[in-house]
Amino acid sequence: MLKEAVEEKKKLVQGLRGKPWPMKKKLVTLRESQEFVEKYEGALGKGKGRKLYAYKVMMSKKWMKFQRDFENFKTACIPWEMKIKEIESHFGSSVASYFIFLRWMYGINMILFCLTFGLVMVPEALMGRPYGTIPRKTVPRAEAPSAMDFAVLWDFGGYAQYSVLFYGYYNNQRAIGWLKFRMPLSYFLVGVGTVAYSYMVVIRTMARNANESGVGDDNSFNFSWKIFTSWDYLIGNPETADNKFASITTSFKEAILEEQESRKDDNIHLTRFLRVLANFLVLCCLAGSGYLIYFVVRRSQKFALEGLETHTWWERNEVNMVMSLLGMFCPMLFDVISALENYHPRVALQWQLGRIFALFLGNLYTFIIALMDEINLKREEEKIIKFNITTWEASLYNATGSENSTAPPVTFHPADVPRGPCWETMVGQEFVRLIISDTMTTYITLLIGDFLRAVLVRFLNYCWCWDLEAGMGAFYAPCLPALNVLRLHVSMYLQCWAVMCCNVPQERVFKASGSNNFYMAMLLVILFLSTLPAIYTIVTIPPSFDCGPFSGKKRMFDVIQETLESDFPAWFSKVFSYASNPGLVLPFILLMVLAIYYLQSTSKSYKEANVDLKKKLQTQNEENKRKNKLAALKAQTDLEEARAATQTAERQKNINASLQRQHAEEEEDLGSSQRKNGRPPPSVRHQDGRPPATRAPVPRTLHPDTHRSLGYLPGGGFPQQREPRMHRVPSLQRH
């Protein structure tokens, strides 16, 4: 019995928080239960096992305390958790969702940075050839005087260009250092692995959101739940209480807006016309921005052929600045156009994100197409330089050989050796400049124009574009993940400050979407489209002949075949070649497509069944509500009828009592008057000598269907009286 009592007290302590009791009663019950458990728990062991049992109890308590402290520690280790909670309490879940997404992107870029930094940059810096030993790791003699200028370094030229930050610095030596580290293989696999990891994270997040979205809806008694269950009675900090109060207020605003939007009824024809007009205006903006970027890129190529030293700073950075300005002002224009459509705020947010996604993706592809033209020009220049270098080396060899065949070969400093243009480094530099100019434009906009811009528009400008450059640029500039981590870290603090100090909540605060698969699907499309140019350059364009880890190969992926032939047995290479045969790859891809189609169809059927089940549950819930309402109305009607019958019986009883009193008083008055005259009261007899019949008092009976109410009739609700019986009284003696 004692053990059962201890277990019961433990269960009471665990479920005490959900009890609908006053706080004082909860605290008293908690204190008494804890004292009881501490007093009698150690006494459950008997004999020799008592100490062992006490030790087990103590260790279980220690383990529970450790788990609780570890959970608190994990919560405290979540970056920017309290800042995001504070923003959510003042601005709603829609604004907080942006910062949650920003933190998620920060974690992904941190992992990508660790892979690139640990497997590419650090091995090359520690085990590769040092700076100045080969031409690709040396600043040319003509560029050396200005290699440390700030303007040159700001454009990632000079010493920054000839460093581990860019593709051209890495040597094509197959193994480096005493560890025999396979640098070309590591560079290729890290580039492929970062893209694969990004895909895996996005798809896993979509799958988790799909599982969570299957939970039942929370629309039933929404306001009642918010009123009675929103407050946390364990809050003891005034600042936390203020934040919780603001959060509850914001949640009510969100729920009221959701209810208003669900009951809105507008003119459908006018709404359709305005939405078509808005989409037409957006398409015009997208086409104009694409043409403008293509124009400035071709103009910058013309400036590059003429020599950038003769042009101004704006002309040298015209492409990056135009793309940044378009990314800053076009979303504001989209927001103005979206006012015509009259969508729900959440739907308007999705349309706004889709348009910004189209803007940035169109600008990026226009930029890449222009870069492809420049890559073709660099390749033509590379062919000419390669031919000139071959001719120069042959003439130099013939000249030295004809003069003295025993003389040592002529050596040149790496800075004096001619070299090709290295189009891979050029692509990496362009993307790094783009991301730097985009970041600077964002920060300047936050610091200068934050008072004039709305919170939502500013957030949407850069919400889905953190990794557009990483798809192609990260392969040719290993420093891009590090730059992304740095700017995301700074952006979190800067934008948190801007939101809390320079903005007020919007008038129409709306709740964020319960399922983020729309945004994750958009991010997946962005990731796929941004990796297509990188895949195209890796598969189709030959690498440069004198820079990068893949120089001297026909294609970049040839490093895989080289590794298989050199480091693996011959049979493994043969198996891999058979497995990569298109005759096997194409059926495998077809099988995967069929499996995906089957799983998608199965998922769709499950979703439809889930929707049908929800409808059935909702119908059953409504039917139960209707039955309960009818039962309540019937009970109320019966109660009113019973109350009316009781009141009628009481009135009839009072009337009978008053009549009896009146009759008794009349008889008493008559008797007293006759006694005064000296005559007894005359006895009334019938002709046959019988005395008159008198009405005897009749007891009332209860009907079995009257709910035990006195004198109740089920039909009319009138008091019931039995037919009076006639009693004979004995004849009075004659005087």
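**Aromatic pairs and a buried threonine**

Phe70 has a relative accessible area of 39% and is therefore partly exposed (between the cut-offs for buried, under 20%, and exposed, over 50%; 1.4 Å probe, protein chains only). Trp80 and Tyr493 form an edge-to-face aromatic pair, with 5.9 Å between centres and 80° between planes. Rings of Phe, Tyr and Trp (its six-membered ring) pair if their centres lie within 6.5 Å; planes under 30 degrees apart count as stacked, over 60 as edge-to-face and the rest as tilted. The Trp80–Tyr493 pair joins distant parts of the chain, 413 residues apart. Trp80 sits in the loop between H3 and helix H4 (81-91), and Tyr493 lies in helix H17 (residues 480-502). Helices are DSSP runs (H or I, at least four residues), numbered from the N terminus. Trp80 is buried, at 10% relative accessible area. Tyr493 is partly exposed, at 42%.

The model is predicted: local features need pLDDT of at least 70, side-chain atom pairs count only at pLDDT 80 or more, and totals for chains, interfaces and linings use all residues. Residues are numbered from 1 along each chain as its sequence is written, and side-chain values use heavy atoms, with hydrogens and water left out.

Across the whole structure, the search finds 23 aromatic pairs. Phe66 and Phe70 are stacked, because their ring centres are 6.1 Å apart and their planes meet at 20°. Both residues belong to helix H3 (residues 49-77). They are 4 residues apart, so about one helical turn separates them. Phe66 is partly exposed, at 47% relative accessibility.

One aromatic cluster is formed by Tyr167, Tyr169, Tyr170, Tyr187, Phe188, Trp423, Phe475, Tyr476 and Phe550.

Two lysines sit over aromatic rings. The charged end of Lys9 is 5.7 Å from the ring centre of Phe36. Lys25 lies over the face of Trp21, 4.4 Å from the ring centre. A charge sits over a ring if NZ of Lys or CZ of Arg is within 6 Å of the ring centre and within 35 degrees of the ring normal.

Thr205 is part of helix H7 (residues 183-212). Its relative accessibility is 9%, so Thr205 counts as buried. The Thr205 side chain reaches the backbone oxygen of Val201 at 2.8 Å. Leaving out residues up to four places away in sequence, Thr205 touches Trp104, Asn517 and Met520 (contact: heavy atoms within 4.5 Å).

Methods: Helices (H or I, at least four residues) and strands (E, at least two) are DSSP runs, numbered from the N terminus. A polar contact is a pair of N or O atoms within 3.5 Å; within protein, one must be able to donate a hydrogen and the other to accept it, and residues adjacent in sequence count only if both atoms are side-chain atoms.
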